[in-house]
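Please read the following report alongside the sequence and the model. Some selected residues come before the overall description of the chain.

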Amino acid sequence: MSAGSPLVFRPSFAQRAMAMLLFAGSWLVGVRALAQIMERLPVLRASLKVAEAAGDPTWSFWVAVTAAFGAVVLGSFLLLGTLVGVLMVEGSQVLVDDLGLSVEHSALPAPLARRFGAGRLLWKQVSRLERSGPFFVLRGGGDATVNLRKDPTLRFLLVDELERLVLTILERSPNLKHED
């Protein structure tokens, strides 16, 4: 491989389509759940009025409203998570050249991309390759002669030809620690 032509690993069309379907499905489920909650609010309000008129306790109404509010908040966080996942899959690529490798998340803003694992590692800096949740993680710190403030950590979600990428990392990283 020459220095002018790095290998580029990106998610395949099927992987990107799967991420979009997951996001669209999450969106549709969230909208449907919110519609059901909004549909049931007049019934809950009428039940509250009847219970107040009869002098019965209304704590069950407040439990139902609190549960509905909690479900909307939880659904919002899950939807935001699937949106970030779609953006990471759509815009991520791993570039491999003679000096090292870099991970780019071009669909995310730069500070957020760096937080989610975009960056560059030289081959002699790669110390560990591991799996953490849905991410593949490359940890830096393998070479003590390279002075960095913080050991870099690169993360990527999905790429096509993952086996080829992992084998390339294993072949070229002299300081990689194998953990079984």
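Thr82 touches Phe23 and Ser26, where residues up to four places away in sequence are left out of the count and a contact means heavy atoms within 4.5 Å. Thr82 is found in helix 2, and with a relative accessible area of 17% this residue is buried. Helices (H or I, at least four residues) and strands (E, at least two) are DSSP runs, numbered from the N terminus.

This is a predicted model, in which local features need pLDDT of at least 70 and side-chain atom pairs count only at pLDDT 80 or more, while totals for chains, interfaces and linings use all residues. Residues are numbered from 1 along each chain as its sequence is written, and side-chain values use heavy atoms, with hydrogens and water left out.

**Confidence and overall build**

The predictor's confidence in each residue is given as pLDDT, on a scale from 0 to 100. For the protein chain the mean pLDDT is 85, and 91% of the residues reach 70 or more. Confidence is lowest in helix 2 (residues 59–91), with a mean of 86, and highest in strand 2 (residues 92–96), with 92.

The protein chain contains four helices and seven strands, and read from the N terminus on, their order is β-α-α-β-β-α-β-β-β-β-α. The radius of gyration of the protein chain is 24 Å, well over the 16 Å that the globule rule gives for 180 residues, so the chain is more spread out than a compact globule. That radius is taken over C-alpha atoms, and the globule rule is 2.2 Å times the number of residues to the power 0.38. Along the principal axes, the C-alpha atoms of the protein chain fill a box of roughly 80 × 35 × 30 Å.

Buried residues make up 31% of the 180 residues in the protein chain. Among the contacts in the protein chain with a separation of 6 or more, 53% are accounted for by residues 24 or more positions apart. The protein chain exposes about 11500 Å², of which carbon and sulfur atoms supply 63%; these areas come from the Shrake-Rupley method with a 1.4 Å probe, and for residues only the protein chains shown count as cover.

**Residues in helices and strands**

Leu21 lies in helix 1 (residues 13–54), and this leucine is exposed, with a relative accessible area of 62%. Gln93 lies in strand 2 and counts as buried at 16% relative accessibility. Not counting residues up to four places away in sequence, Gln93 touches Val8, Phe9, Arg10, Ser102, Val103 and Glu104.

Thr168 lies in helix 4, where this threonine counts as buried at 10% relative accessibility. With residues up to four places away in sequence again left out, Thr168 touches Val96 and Trp123. Arg131, by contrast, lies in strand 5 (residues 128–132) and counts as exposed at 54% relative accessibility.

**Residues in loops**

Which residue has a positive phi of about 60° although it is not a glycine? That residue is Glu161, which lies in the loop between strand 7 (153–156) and helix 4 (162–172). Glu161 is partly exposed, with a relative accessible area of 40%. Lys124 has its place in the loop between strand 4 (119–122) and strand 5, and at 38% relative accessibility Lys124 counts as partly exposed.

**Distances between pairs**

The table sets out C-alpha separations for pairs of residues, next to their separation along the chain.

| Pair | Apart along the chain | C-alpha to C-alpha |
|---|---|---|
| Leu21 and Val86 | 65 residues | 9.4 Å |
| Gln93 and His105 | 12 residues | 6.8 Å |
| Lys124 and Leu176 | 52 residues | 8.3 Å |
| Arg131 and Val43 | 88 residues | 48 Å |

Notes: Buried < 20%, exposed > 50% of the residue type's maximum accessible area, 1.4 Å probe, protein only.
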